[in-house]
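Please look over the model below before reading my points.

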Amino acid sequence: MATETTTSSEGLSFQKLSYPTANSTVHVHILKLAGSALVLFNDQVLSMASLAVAMSSRYEKTPIVTNLIGDSSNLLPQNLARRLCMKLNQQVYVSCDLSDEQFAALMAISGKEIFNDIMKATKE
């Protein structure tokens, strides 16, 4: 895994993590904001073809999730946002421009490591 970190004085921090898979390298971009985080999963060009947001509610046990950009039938970004919101206890925006097969291969190889790295990047 390769890591690039950039931090600004306004409390913003950016990390780019790279994970090799069998067919390509998947990049995870993490932008830590005040009280929230933006996490982008992609394999080539940085884009946001899909974007979901998840936030906790005092009225629901599970975070509320909605799709902001992209196909609402693609549940991968929504599920990722919900899971990260529960783990991080903050609002999370997720964009995932990977196919289901690419994402499954990535999680099989280094899924736990990725979630630990995301948690570490957002806590710093």
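1. Start with how helix H1 is covered. The buried residues of H1 are covered by parts that include E4, strand E5 (51–55), strand E6 (64–69), strand E7 (91–96) and H2. Contact here means heavy atoms within 4.5 Å. Helices (H or I, at least four residues) and strands (E, at least two) are DSSP runs, numbered from the N terminus.

2. On provenance. This is a predicted model, in which local features need pLDDT of at least 70 and side-chain atom pairs count only at pLDDT 80 or more, while totals for chains, interfaces and linings use all residues. Residues are numbered from 1 along each chain as its sequence is written, and side-chain values use heavy atoms, with hydrogens and water left out.

3. Confidence. pLDDT is the predictor's confidence in each residue, from 0 to 100. The chain has a mean pLDDT of 85, with 91% of its residues at 70 or more. Among the elements, E5 has the highest mean (95) and strand E1 (residues 2–7) the lowest (58). Where pLDDT is low, the predicted coordinates should not be read in detail.

4. Back to H1. The helix (residues 76–88) has 13 residues and reaches 18 Å from its first C-alpha to its last. That is close to the 18 Å expected at 1.5 Å a residue; the expected span is 1.5 Å times one less than the number of residues. Its buried residues are Leu76, Pro77, Gln78, Leu80, Ala81, Leu84, Cys85 and Leu88. Buried means under 20% relative accessible area (1.4 Å probe, protein chains only). After H1 comes asparagine 89, with a positive phi near 55°.

5. Valine 53. This residue sits in strand E5. Valine 53 counts as buried, at 5% relative accessibility. Leaving aside neighbours within four places in sequence, its contacts are Ile64, Val65, Thr66, Leu68, Ala81, Gln91, Val92 and Tyr93. The C-alpha atoms of valine 53 and glutamine 91 are separated by 7.2 Å, though the two residues are 38 apart along the chain.

6. Aromatics. How many aromatic pairs does the structure hold? There is one. The ring centres of phenylalanine 41 and phenylalanine 103 are 5.9 Å apart with planes at 80°, so the pair is edge-to-face. The cut-offs are centres within 6.5 Å and, for edge-to-face, planes over 60 degrees apart. Phenylalanine 41 lies in strand E4 (residues 36–42) and phenylalanine 103 in helix H2 (residues 100–123), so the pair ties together parts 62 residues apart in sequence. Phenylalanine 41 is buried at 1% relative accessible area, and phenylalanine 103 is buried at 10%.

Terms used: Rings of Phe, Tyr and Trp (its six-membered ring) pair if their centres lie within 6.5 Å; planes under 30 degrees apart count as stacked, over 60 as edge-to-face and the rest as tilted. Buried means under 20% relative accessible area, exposed over 50%, partly exposed in between (1.4 Å probe, protein chains only).
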